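Hi there,

Here is the structure I promised to pass along. Have a look at it first, and then read on for what turned up.

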Amino acid sequence: PVEQIEADPTKKTLVILGTGWGSVSLLKKLDTENYNVIVISPRNYFLFTPLLPSCTTGTIEHRSIMEPIRSILRQKKARAKFYEAEATSIDPERKVIKVSDISEVRGDTLETEVAYDMLVIGVGAENSTFGIPGVKEHSCFLKEIGDAQQIRKRIMDCVETATFKDQSPEEIERLLHMVVVGGGPTGVEFAAELQDFFEQDIKKLIPELADRFRVTLIEALPNVLPSFSKHLIEYTESTFKEEKIDIKTKTMVKKVTNKTVEAEATRPDGKKETVVMPYGLLVWATGNAVRGIVKDLIAKIPAQKDSRRGLAVNEYLVVQGARDIWAVGDCAVAGYAPTAQVASQEGSFLARLFNNMAKTEQIEDNIRELSSSLNVKPGNSAEVTRQIEEYERQLRRIKDIKPFHYSHQGSLAYIGSEKAVADISWFNGNFASGGGLTFLFWRSAYLSMCFSTRNRLLVINDWLKSKVFGRDVSRE
Ligand code: FAD
Ligand code: NAD
C-alpha cells in the first residue's frame, strides 16, 4: 500500500495552491514541521518562466528550466503532501477546496475535497484574449512548457510546409510570416528569439528562404516595452529594425482567422485604417487575465466586489474580507506588477509570517503552561516569572512583523542578436543599459536565479550546445 502521511492533529493544515513563483518561494523558506502542509497544482514542477521564450526555438531544452515539486518537497524537514490536481472552487465558509484530477490518467476518484485551516492561493493568471474573435482558436500562447513546445513544432512546420513542392509564392509568404501580438516583455523576447533562430540556423540550413522569413510584432500602444525607460525602448526599437523585425505600433488586433490577423492601425495623421495580415504562426502575448477559480472566489466575498484584476490583498497579503486566506503572485492585487520578482518576494514574506505565527503560538503555549504552574507550585515563582518575562520579550520581538514591502531589483529583457536591455536600481539610483555587455549580465543574472544547480548546469550546457552545433530543427 502507498504510505500515507497522516496529518498531525496538533498542527494546523496549510494548503498551498500552485507550484509557480509565489508558492514555491513560500515552500522554500517555510518551516514545514510547524504545519500539515498540502500543495495542490495541476503542474508537478516549478517552471523558471524567464527562460521560457528560449525554449520556443530550442536555444534551451524545456526540461532544463523545470524542477520537480517532488524534489523540492523532499528537501524539506517535515514531509508535505502534493496532489497533482486543479482546485476548481474554494468555499471560504466551510474552509474546503474542491479539487479535480485533470491529467490524462484517471483513477476511480476524479474529484474530492480538501479541508484547510490556512490557505495560500498562488494560482497565477491565464492568458488574456479580451474576447477578440478567433484568438483562442488560432493563436499559440507563451505561458507554459506545452505552449513553448507547440510553438517550436509550429515554426518548423511552417518552414517545411513553405518548402513543399509547388507551393505558391503567396502561400510561401504567408507561411513564413510569423506574427507576434503584444509588445510587452513576453512578445519582445519571443520575437527576438525567433529572429535569432532564423538568422543563425534556419537560414543556413535552407538558404532559399533567406528573403522570405518575416517576423512582425504588433503593439496597440505607441511603443513596445512600456515599463522600460525611454532610451531602452528606443534602443530596442532600433535593434529590432537592424534585425529586420517589423514593429507595428498603434495597431490593435481586432480579429483573428486561421490564416489572417485583422488589426486597426492609427496612421501618423491620426486616421484609422484596417490592415489584414496573412500569417503562418501567430503568438498571442497580450498579458494576464484572472483565472476562473479566482473569479469564483471574488464573487463569494462581498469585500471583493470591486476586484477586477485579481484578489485584493492587504499589506500582509491577506485576502480582503476572507478569514485565513492569503494570496501571492499574479492572482493577487497588492499594487505591484505581475512579475516573478514580486511573486517570489511575496512567497518569502509569507514563509516568514507563517514561521513567526507558529513560533508565536508555541511561545504563547509556553507562557500559558508556566502561568498555570505558577498557581500550582507557588514556591518556585521568582524563576518562573523570569522565564515568563523572557518569553514575553521574545513574543513582542516576533509579533512585530513589518508589512510586506517589495524591493524592485530591476527589469531585464533579451532583445536578440546577443543584446539585452536592463533597467536596474542600484544604491537608490537607476541604471539603464543595453547591448552586448548587458546580454552577458542578463545571462549571468538569469543563471544565478535558476532554481537549482542541476537547472543551472543544464542551461549552460544548452547555451553551449546551441552555439556550437546550432539549434536542433527536427520537428518532434
Ligand atoms: P505562476 O508562476 O504562473 O504559477 C501558477 C501556478 O498555479 C502553476 O503551478 C499552475 O499550474 C498553478 N495553477 C493554475 N491553476 C490552478 C488551480 N486551479 N489550482 C491549483 N493550481 C493552479 N517575470 C519576471 O519578473 N522576470 C522575467 O524575466 C519574466 N519572464 C517571463 C517570461 C514569460 C514567457 C512569462 C509568461 C512570464 C514571465 N514573467 C517574468 C512573469 C512571471 O512568470 C509571473 O509573474 C510569475 O510566474 C507569477 O508567479 P505566480 O506564482 O503568481 O504564478
Ligand atoms: P504585458 O501586459 O506586459 O504586455 C502586453 C502588451 O500587449 C501591452 O503592451 C498591450 O498594449 C498589448 N496589447 C494588448 N491587446 C492588444 C491588441 N489587441 N493588439 C495589440 N496589442 C495589444 O504582457 P506580457 O509581456 O505577457 O507580460 C506579463 C507580465 O510578465 C508583465 O508584468 C511583465 O513585466 C512580466 N514579464 C517580464 C519579463 C521580463 O522581465 N523579461 C518577461 C516576460 C514577462
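Let me start with the polar contacts to ligand 1: a polar side-chain atom of Thr19 sits 2.9 Å from one of the ligand's oxygen atoms. Please keep in mind that this is a predicted model. Tyr446 also uses a polar side-chain atom, placed 2.7 Å from an oxygen atom of ligand 1. Trp21 takes part through its backbone instead, with an N or O atom 3.1 Å from an oxygen atom of ligand 1. On its own, ligand 1 has 990 Å² of accessible area, and the protein covers 90% of that.

Around the ligand there are 29 residues, and the ones that come nearest are Gly22, Thr49, Ala87, Asp330 and Tyr446. Sorted by class, this shell holds 13 nonpolar, twelve polar and four charged residues. At least two shell residues come from each of α1 (21-29), β2 (35-41), β6 (86-91) and α10 (340-376). The largest share belongs to α10, which supplies three residues.

Now for the nonpolar cores. The largest one has 123 residues, and Leu17, Ile65, Ile121, Ile202, Leu281, Leu350 and Phe354 have the most contacts inside it. A second, separate core has 14 residues, including Val181, Val253, Val256 and Met277.

The chain has 476 residues, 47% of which count as buried, and contains 13 helices and 24 strands. Its C-alpha atoms fill a box of roughly 100 × 55 × 50 Å along the principal axes. Among contacts with a separation of 6 or more, 64% are between residues 24 or more positions apart. The chain exposes about 24300 Å², with carbon and sulfur atoms supplying 52% of that area.

Best wishes

Technical notes:
Residues numbered from 1 in each chain as written. Chains lettered and ligands numbered in written order. Predicted model: local features only at pLDDT ≥ 70, side-chain atom pairs only at ≥ 80, totals over all residues. Heavy atoms only, no water. Core = buried A, V, L, I, M, F, W, Y, C linked by side-chain atoms within 4.5 Å. Buried < 20%, exposed > 50% of the residue type's maximum accessible area, 1.4 Å probe, protein only. Near = heavy atom within 4 Å. Polar contact = N/O pair within 3.5 Å; in protein donor to acceptor, adjacent residues only side chain to side chain. Areas by Shrake-Rupley, 256 points an atom, 1.4 Å probe, with all protein chains shown as cover. Helix = DSSP H or I, 4+ residues; strand = E, 2+ residues; numbered from the N terminus. Nonpolar A, V, L, I, M, F, W, Y, C, P; charged D, E, K, R; others polar. Contact = heavy atoms within 4.5 Å.
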